[in-house]
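Please find my notes on this model below. They run from single residues to the whole chain and are meant to be read beside the coordinates.

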Amino acid sequence: MSLGIKKGDKVFVRCGKDKGKTGRVLKVLRTGERAIVEGVNIVKKHMRRRSEGDPTGVKEIPSSVNMSNLALFCSNCNKGVRFGTKALDSKSKMRVCKKCNQPIE
Ligand SMILES: [Zn+2]
């Protein structure tokens, strides 16, 4: 089991146009190298009307960002941090902030 960034995690954007933003991971792409983060890397898609009554205009869709641009957000430090893992018992591990040593939910 990987203890990397996963769906539902709060993350911090370290670089790119959305640098400094935080958001929840909505989805990790299958390769594990990219993730879709709420409110981050929004692209505008122009919707074409297929039939009468369809919504038209611009739809804003979050596009994936590279995992290397993301850091886990530690609510204790209130910023994006590096994290390590700590064994709870022989079966499970948890992620801990390398700065404050608190577990990251
Ligand atoms: Zn911390």
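**Notes on the model**

1. Start at Ala87. Ala87 sits in strand E9, which covers residues 83–87. Is Ala87 buried or exposed? Ala87 is exposed, because its relative accessible area is 56% and the cut-off for that class is over 50%. Setting aside residues up to four places away in sequence, Ala87 touches Ser92 and Lys93. Bear in mind throughout that this is a predicted model.

2. Lys93 belongs to strand E10, residues 93–97. Beyond residues up to four places away in sequence, Lys93 touches Leu3, Thr85, Lys86, Ala87 and Leu88. The Leu3 contact deserves a look. Leu3 and Lys93 are 90 residues apart in sequence, yet their C-alpha atoms are 8.1 Å apart in space.

3. Pro103 lies in the segment after E10. Pro103 counts as partly exposed, because its relative accessibility is 38% and that class lies between 20% and 50%. Leaving out residues up to four places away in sequence, Pro103 touches Met94, Arg95 and Val96. Arg30 is another matter: Pro103 and Arg30 are 73 residues apart in sequence and 26 Å apart in space, C-alpha to C-alpha.

4. Now the core. The largest nonpolar core holds 15 residues. Which of them touch the most other members? They are Ile5, Val11, Val25, Val37 and Leu70. Three strands each supply at least two residues of this core: E1 (10–13), E3 (34–37) and E7 (70–74). E7 gives the most, with 3 residues.

5. Leu70 is among the core residues that touch the most other members. Which residues does Leu70 contact, leaving aside neighbours within four places in sequence? The list is Ile5, Val11, Phe12, Val13, Arg14, Ala35, Val37 and Val65. Of these, Ile5, Val11 and Val37 are also named among the core members with the most partners.

6. Most residues other than glycine have a negative phi. Asn41 has a positive phi, near 55°. Asn78 also has a positive phi, about 60°, although it is not a glycine. Both are loop residues: Asn41 is in the loop between E3 and strand E4 (42–47), and Asn78 is in the loop between E7 and strand E8 (79–81).

7. Asn41 counts as buried, because its relative accessibility is 18% and the limit is under 20%. Asn78 counts as exposed, at 56% relative accessibility.

8. Where is Gly16? Gly16 lies in the loop between E1 and strand E2 (22–28). Gly16 is exposed, with a relative accessible area of 51%. Gly16 and Ala35 are 19 residues apart along the chain, and their C-alpha atoms are separated by 14 Å. Ala35, for its part, is among the contacts of Leu70.

9. How many helices and strands does the protein chain have? There are 0 helices and 10 strands. Read along the sequence, the pattern is β-β-β-β-β-β-β-β-β-β. The radius of gyration is 17 Å, well over the 13 Å that the globule rule gives for 105 residues, so the protein chain is more spread out than a compact globule. The C-alpha atoms fill a box of roughly 60 × 30 × 20 Å along the principal axes.

10. Of the 105 residues, 26% count as buried. Among contacts with a separation of 6 or more, residues 24 or more positions apart account for 36%. The accessible surface comes to about 7600 Å². Carbon and sulfur atoms make up 47% of that surface.

11. Last, charge. How many positive and negative side chains are there? The protein chain has 25 positive and 9 negative side chains. The centres of the two sets lie 6 Å apart.

Conventions:
Residues numbered from 1 in each chain as written. Predicted model: local features only at pLDDT ≥ 70, side-chain atom pairs only at ≥ 80, totals over all residues. Heavy atoms only, no water. Core = buried A, V, L, I, M, F, W, Y, C linked by side-chain atoms within 4.5 Å. Buried < 20%, exposed > 50% of the residue type's maximum accessible area, 1.4 Å probe, protein only. Helix = DSSP H or I, 4+ residues; strand = E, 2+ residues; numbered from the N terminus. Contact = heavy atoms within 4.5 Å. Rg over C-alpha atoms; globule rule 2.2 N^0.38 Å. Areas by Shrake-Rupley, 256 points an atom, 1.4 Å probe, with all protein chains shown as cover. Lys, Arg positive; Asp, Glu negative; His and termini not counted. Charge placed at Lys NZ, Arg CZ, Asp CG, Glu CD.
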